[in-house]
Every structure is written in C-alpha cells, then in structure tokens.
Amino acid sequence: MTTRKSQVWPSMYSVSNLEAIFYYSVLPSNPILVYRTGTTPWTKPTGLEAYRELKELRPVFGHKLNTVWKDLGPKVRDFLDSVGVLWTTIDVVRFVKVGKGEAIGPVVLWIGRLHCGHGCLDLLKEFEITNVEVEYRESIYTRSAGPNLLRPVSDLHPTVDATPHAQGTRGLYLAEGDDSKKVLLVTVRHVLFPSNEANVNYAHTNTSAPRRNVLLLGTKAFDNLIKSIQSRIEEHCWMTERYKRQIKKLQEREAGEDKHDVEEAMKEQKKIRGSLNEAIEVIEPLHKFCGEVMTKWSQPSQRVLGHVVHSPPITLGAGTEGFTEDYAIVELNRSKIREVFRGNMIDLGTKIPFYKFTRRMYSRTDVTTTFKYPDNRLLELRDPIEEDEMRNPDMLDHNGEPCLLAIKNGCATGVTVGCATGIFSFVREYLNNGTHRTSVEWAILPYDNESGVFSASADSGIVIVDGRGRIGGLLTGGAGKMDSLDVTYATPFFWLLPRIKENGFPDAHLYPIIA
C-alpha cells in the first residue's frame, strides 16, 4: 500500500476556495472543506436571494458499512497512515439538506484534516461498497475539561436558573458493592490530573499518605456561581423598579374618564402586581443562598467532595476493542453528600421547556415513545446501553430511519439532545514528542442545525444517556475547529464498566444508597 504515496489525485477531488469556505459553513464549527469525491458540482449562490445551503449531520444505521466497519475501519486507518496523512478523526455520517424535503444524502466517510482520498474509495470497493462518498475537512480532536456538582432544585425554587455553571447530579455514581458502604464517582482522568503529570497508574492504598482531593467547585466555577447569583438578584431588583413605574402609570390611567381604558388599566395592573410580588419574593431567597455559599463554600477546604482512589493511565486504543480508557474513581465524602444525594440521574433543567424537550424525544407521532418527562425533571439512570442496541436501535425518526437520541447535562452547554451514530469513529491525538495515540469512540451529532452543538469545552466526564435513562458513555472530547464541536465523542459504558470491575472494583454497581 505504500506505493500509493506517489499517486496524483484527479482534479475532481479538488475544490475551489469559495466551496472550501462555504460547503460546511452552517455546521457548528464552520470547518473548511479540503477535498470531496462526490460528482455533484457545487453551485455558488448568486443574486439578491443568495444564501448558504443549510445542512445537518445525520447518523448512519442499516447500511452495509454498519456490518463491515469492524474490518473496514482499521483498514481505512492503516491506509491513511501508510500515505503519511496527519488525520485527526474518521467518522461515518450523512448530510441532510434542510428545506428541500429533508432529502438524506449518501453515506459519507468524513475525515478530519485529510489531503488525499482516492485510496479510501479503493478500500470501499474491496468491500463491494460503491455508494459511499469521501469528504475531508480541517478539524482537530480535543479533550474537554470537566463538571461541577450542586444540589438540584425544583422548577419553582428561586435559584433554579441562577447557577448555570454548577448544576447538579452530573456525576456517574457507583456503589463499591459487597458489604462496603462507599459511594464512588466516575469521571475522566484528564479532568483531575494535570496534563504535565506523568501518565502512570494511580492508586491511593496507603491511608496515611496525602490524598488527591476533588473539589465540589473549582476557583473559577465558584466565582462564576457567585456572579450568577448576584446577577439574578440585580435583574430582579431592576424588574421590581420597572414594575413599580408601570403600576404608577396604570394608576394614572385608572383615574381617567374612558371606561374601556380604565378597565384595561385595571387588568394590566393586576398582572403586573403579580409579577412584582414574584420578583420581590425571589430576591430574599437569592440573598440567603448567596450568603450560604459565601459562608459554607468560600474556602477550598470547605468544598472537598472526596479523593481519588484509583485511576489507570490514559490509554487510547485500550483492549481488543480499541476504546479510550480515561477514567478516575473518586471516593465521596458521605457527610458532604448525605443531604443532596439522589443517586444516578440527570437534571433536565429549564434550558429546554418540557414540552419542547418531549417533542424532540417524540421523533414519530405514529408510535409509542419510551421517553416520559419526569415531573421533578430528574431522569433516573439505568444499566448501560448494550453494544448491539447502539449499532441497531429499535427507535425510528420521523423519516422512518433508525435513530438513537442522546441526552447530557454539561457544565459548558447545559442540557442538550443529540443523535448518536451506529458506526464507531476513530480519533487520533498527537503528542508533543512527535508520537500519536489512536482510539475508537462512540460519536454523537447535534440534534439539528438550530439546536447548536451537543457539547463544548468543560463538558468532559459527563455521562451521556438515552431517553430511557440507559447509560451510553462517558464524554471524553470532540472534533471541530477551536472550541466549537461538530462531533462529540464518548467511551461506551458497556465496555468501561467491566474495565472498572477488572481494576479493583469487582462488585461495583450503579445503584448506591446513602441511608
């Protein structure tokens, strides 16, 4: 295969500067198109009504690639290496042209930072696959930073939307099992260990040795929390003054002689007085909450949630499956979590109203959905999604295509819904010493072109689940340009949980209880 290095690619694989810039311009990170093998010409928008063609990423299920990818995928990876390509990601996706009947395009072998492609088509032909195109864009694979925890509150609580940087129940908890009453937290290692620290096995087995403590909120997150609470107090103070001014003007109208206008003014004043009372009622609890945070959490020592007890070295391409092994086990301080611990669940928050959230999860109106929006917003988590279900889900989207909807609540982006893919991706991380590490990842795409990214920086370590609460994986990073991600990657939990059990926690399970 090394003889392919000298190949000269036909001009049909080249693109113009304008096409390179605008081809993916509506995707979250606006990646640059490098080459593509599709024969459909790109047409430059012209005239007063010119606009960029809207596209959305779609997962791939039920294609021949789904059945042969375990054999074909590594060959694509090896071929790219053989011709010296510095690739970053290999995904399998489809594109939908929005506003054109949502016609789904061909399956695309979507490769990050590529400079050649003809050989990939040859490999596809070896597997008798001729209906797949190859597209290459500038994209980097990045690891993100991690989550913060805080008590979840009800929809009616004054602080429900005052803590955007520290919303709760985002960790994945494990019971150590057997007779142990320890509660463990699973997150990614790269969140807790500095990047310049040796990537070696860590185990805290000596009880007299210093602990590697984990804080409930880091310094930046704590400062952001205080600012967010103070901002909400300020907003409500402004609103109370505005409502008072409006009421004064309405009272002047009530003294008029126009009967209809007087009646309208009385109705409006009743509504505004209700809003005024609500604003006033919120201010005091927010002041109290801010005071408690400043008093009880201001010092780092007050925010120690637990300590790391085990973390193997980060390994890309671990085991026979080649997934990413990037996790740390934290033993939680029971006294710190006793009053707020509710087990494994995701707070669906207030970012997406429940009726919009439910509509997203009801992809078809002619079938019964398995998703039920919880009355308290807390989606209880269950056992892992099995590998076969990831590759062959039993859910259909509104076009009758198989789909697997994914949910997460991240520190950076809050609650989002995305579309998981049925073909695992390859990612590559380049190191400063000139070497690289390659791994297989579960990929999640944005829900549509209007919903924004599925994840962003500071979301690593978050658990990703489906609408039934089944655990899909642990978020590790994503691909795109700069901080905007077109694709999110996670380590499948059906693989990770057995690895954790093999590494010192044989009886661990997902249902811890604090009496």
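A residue is called buried when its relative accessible area is under 20%, exposed when over 50%, and partly exposed in between (1.4 Å probe, protein chains only). F61 is buried, with a relative accessible area of 6%. The model is predicted: local features need pLDDT of at least 70, side-chain atom pairs count only at pLDDT 80 or more, and totals for chains, interfaces and linings use all residues. Residues are numbered from 1 along each chain as its sequence is written, and side-chain values use heavy atoms, with hydrogens and water left out.

F61 lies in the loop between β2 and α2. Helices (H or I, at least four residues) and strands (E, at least two) are DSSP runs, numbered from the N terminus. F61 and N392 are 331 residues apart in sequence, yet their C-alpha atoms are 6.8 Å apart in space. Contact means heavy atoms within 4.5 Å. Not counting residues up to four places away in sequence, F61 touches N66, M390, R391, P393, P402, C403, L404, A420, T421 and G422.

One of these partners, C403, is a cysteine. A disulfide is a covalent bond between the sulfur atoms of two cysteines. Here the term is applied to a pair of cysteine sulfur atoms within 2.5 Å. The structure holds 0 disulfides. C403 is in none, and its nearest cysteine sulfur, that of C419, is 6.7 Å away. C419 is likewise in no disulfide. C403 is buried, at 5% relative accessibility. C419 is buried too, at 9%.

R58 is found in strand β2, residues 55-58. R58 counts as buried because its relative accessibility is 11%. A polar contact is a pair of N or O atoms within 3.5 Å; within protein, one must be able to donate a hydrogen and the other to accept it, and residues adjacent in sequence count only if both atoms are side-chain atoms. The side chain of R58 makes such a contact with the side chain of E56, at 2.7 Å. Leaving aside neighbours within four places in sequence, R58 is in contact with V93, R94, V96, L445 and Y447.

In soluble globular proteins, nonpolar side chains tend to be buried together. A nonpolar core is a set of buried Ala, Val, Leu, Ile, Met, Phe, Trp, Tyr and Cys residues joined through side-chain atoms within 4.5 Å. The largest such core has 80 residues, and L65, L72, L109 and F357 have the most contacts inside it. Helix α2 (residues 64-82) gives the most to this core, with 7 residues. A second, separate core of 28 residues includes V183, L216, V308 and L332.
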